[in-house]
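Subject: Structure handover

Hello,

Here is the structure for your work. My notes follow below it.

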Amino acid sequence: MTAADTRIAPAAVQAAAERIASRVRHTPLLRRDLLPGLLVKAEHLQHSGSFKLRGAANALLALGADAVVAGSSGNHGIAVATLGRGLGVRVTVVMAAGAAETKEAAVRALGGRVVRVPGGVAARDRYAKDLAARTGAALVPSSDHDLVVAGQGTVGLEMLRDAPDLDAIFVPVGGGGLLAGVCLAAAHLGSAVRIIGVEPDGARRYARSLSAGRPVEVPPSDSVADGLRGQRPGEVILPIVRHRVDELIGVGDPAVLRAMTLLHRAGIPAEPSGAAALAGALRLDLPGRSAVVVSGGNSAAALAAAAHTGLGSRRAAPRHPAPLVPIHTTPKKDGP
């Protein structure tokens with residue numbers, strides 16, 4: 001992939017990593033006996049409970065706006081509200097009718113304003129865009145934005161630097177920003193790692209768009225993975241996916257729930273959306289060394305516990321990242 005292939009140069013991911021370094025955690029790659037042959041990128045340990053903090057931080061820090069509007073299923077809104085409070089930015093989060101009430105409550109607890117709209121993710125995003133235009137606020141979409149995609153790509157940058165011998169990375173696909181970002185990170189590092197996107201069976205907009213050769217909007221989904229209910233592929237994201245993703249697979253709710261149960265047994269409290277990548281890895285069962293991205297841990301239970309103990313203090317992003325958990329990986333050696 002070259003800069004000419006897409007709107008975002010792969011080097012933008014490195015720039016994002018430098019910009020957000022003081023606001024995010026370098027999360028560990030975990031080994032678990034229950035998941036032999038797999039490494040787990042633990043973004044449930046990220047400030048705000050998900051990888052969404054990375055893209056939100058890159059956008060808010062680069063834009064320097066006094067007010068922002070974000071459309072979100074929950075985790076992006078929580079991330080933007082977390083950062084907005086620390087930066088003194090007024091935050092409005094637009095959520096679709098089916099978004100989790102616990103995530104709405106978390107946004108409000110962090111000082112964000114929430115606007116509920118009827119319909120699905122597509123209607124939500126249209127309303128957010130219109131609201132930002134009417135109020136003069138900066139629009140910070142959950143995925144389809146140059147700065148957001150570059151920020152999400154720092155997940156891939158960390159994974160490939162911590163485990164350069166990875167054969168495959170499984171990425172959950174909601175709006176697609178994380179998938180596109182991992183693609184850009186691989187391009188920046190010159191890695192030939194196999195990148196596999198995992199979509200809910202009822203929301204396969206990227207697979208269908210690639211098959212059709214044009215953007216395809218799918219109906220609203222009721223997938224248990226509430227953060228992966230995107231309807232239309234992103235304009236910024238689709239060209240990146242087309243050029244670099246090796247495979248897109250679908251998983252149903254039973255597979256996602258089985259993967260989530262397995263992660264919980266392994267001591268990784270993923271939410272359903274965060275378990276989708278593992279569901280995909282279990283389905284393909286590839287040889288070699290693979291890693292899955294657990295994109296978040298903001299389950300209803302986790303958010304309730306955070307609210308009980310003080311959500312704001314628990315999820316605030318400190319000026320300096322927490323100490324890193326050691327990552328036990330063994331890079332491949334050259335020669336015999």
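The protein averages a pLDDT of 89, and 90% of the residues score at least 70. pLDDT is the predictor's confidence in each residue, from 0 to 100. This is a predicted model: local features need pLDDT of at least 70, side-chain atom pairs count only at 80 or more, and totals for chains, interfaces and linings use all residues. Numbering starts from 1 along each chain as its sequence is written, and side-chain values use heavy atoms, without hydrogens or water.

Watch residues 312-336. Their pLDDT stays under 50. The model has 52 contacts (heavy atoms within 4.5 Å) for that stretch beyond four places in sequence.

**Pocket**

The largest pocket holds about 1,000 Å³ of space. A pocket here is an open set of points on a 1 Å grid over the protein atoms alone, where a 1.4 Å probe fits, with protein on both sides within 12 Å along at least five of seven lines; lining residues have an atom within 4 Å of a point. The volume is the space filled by probe spheres set on the points, joined across faces, edges and corners.

The lining has 50 residues; D125, P141, S142, S143 and D144 lie nearest the centre. Strand 3 (67-71), helix 3 (75-87), helix 5 (121-135) and helix 8 (177-189) each give two or more residues. Helix 5 gives the most, with seven. Helices (H or I, at least four residues) and strands (E, at least two) are DSSP runs, numbered from the N terminus.

**Helix packing**

The axes of helix 3 and helix 4 (residues 101-109) come within 9 Å and cross at roughly 10°. Axes are lines fitted to C-alpha atoms over the stretch in contact, with angles from 0 to 180 degrees between N-to-C directions. So helix 3 is roughly parallel (under 35 degrees) to helix 4. N75, G77, I78 and A81 of helix 3 meet K103, A106 and V107 of helix 4.

Helix 9 (residues 205-212) and helix 10 (residues 237-244) pack at about 70°, axes 11 Å apart. That makes them roughly perpendicular (65 to 115 degrees).

Regards

How values were computed
Angles under 35 degrees count as roughly parallel, over 145 as roughly antiparallel, 65 to 115 as roughly perpendicular and the rest as oblique.
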